[in-house]
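Please consult the sequence and the structure shown below while reading.

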Amino acid sequence: MKYGPAPPGARGFFLGDQLGGIGWLVDLPNGSQAKYYVNLPKEFVESSLLPHNPPSIHLMNKIQNASVESLAEYYVGYIESMVLSAVKEFRVTS
């Protein structure tokens, strides 16, 4: 198996438990279960979000990095700019 050899009594493999761990769920001789944690190579567990059909232009500039993180920064910056502009225009105080 690509996750490495299963330990004796392995029932299944888990990814991201409440501790963020990865490993095998193992049946013990007394009938209880235990987790046997393992370290996997980065290519098995690393992920990223790539939006489907992301925008390519922001404020008339070509977007170089269309990752979710970058797009979120553009979005938050744009909203922040709009709020600051409204505060200035309407003299709203916080």
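In this predicted model, D17 is buried, because its relative accessible area of 14% falls under the 20% cut-off for that class. D17 belongs to the loop between β1 (10-15) and β2 (22-27). Its side chain makes a polar contact with the side chain of K35, at 3.2 Å. When neighbours within four places in sequence are set aside, D17 is in contact with K35 and Y37.

Attention now turns to backbone geometry. Most residues other than glycine have a negative phi. Against that background, N53 has a positive phi of about 55° although it is not a glycine. M60, likewise not a glycine, has a positive phi of about 65°.

Where do N53 and M60 lie? N53 is found in the loop between α1 (42-45) and β4 (57-58), while M60 is placed in the loop between β4 and β5 (61-62).

| Residue | Relative accessible area | Class |
|---|---|---|
| D17 | 14% | buried |
| N53 | 65% | exposed |
| M60 | 79% | exposed |

N53 is classed as exposed because its value of 65% is over the 50% cut-off. M60 counts as exposed for a like reason, with a relative accessibility of 79% against that cut-off of 50%.

Notes:
Residues numbered from 1 in each chain as written. Predicted model: local features only at pLDDT ≥ 70, side-chain atom pairs only at ≥ 80, totals over all residues. Heavy atoms only, no water. Helix = DSSP H or I, 4+ residues; strand = E, 2+ residues; numbered from the N terminus. Buried < 20%, exposed > 50% of the residue type's maximum accessible area, 1.4 Å probe, protein only. Polar contact = N/O pair within 3.5 Å; in protein donor to acceptor, adjacent residues only side chain to side chain. Contact = heavy atoms within 4.5 Å.
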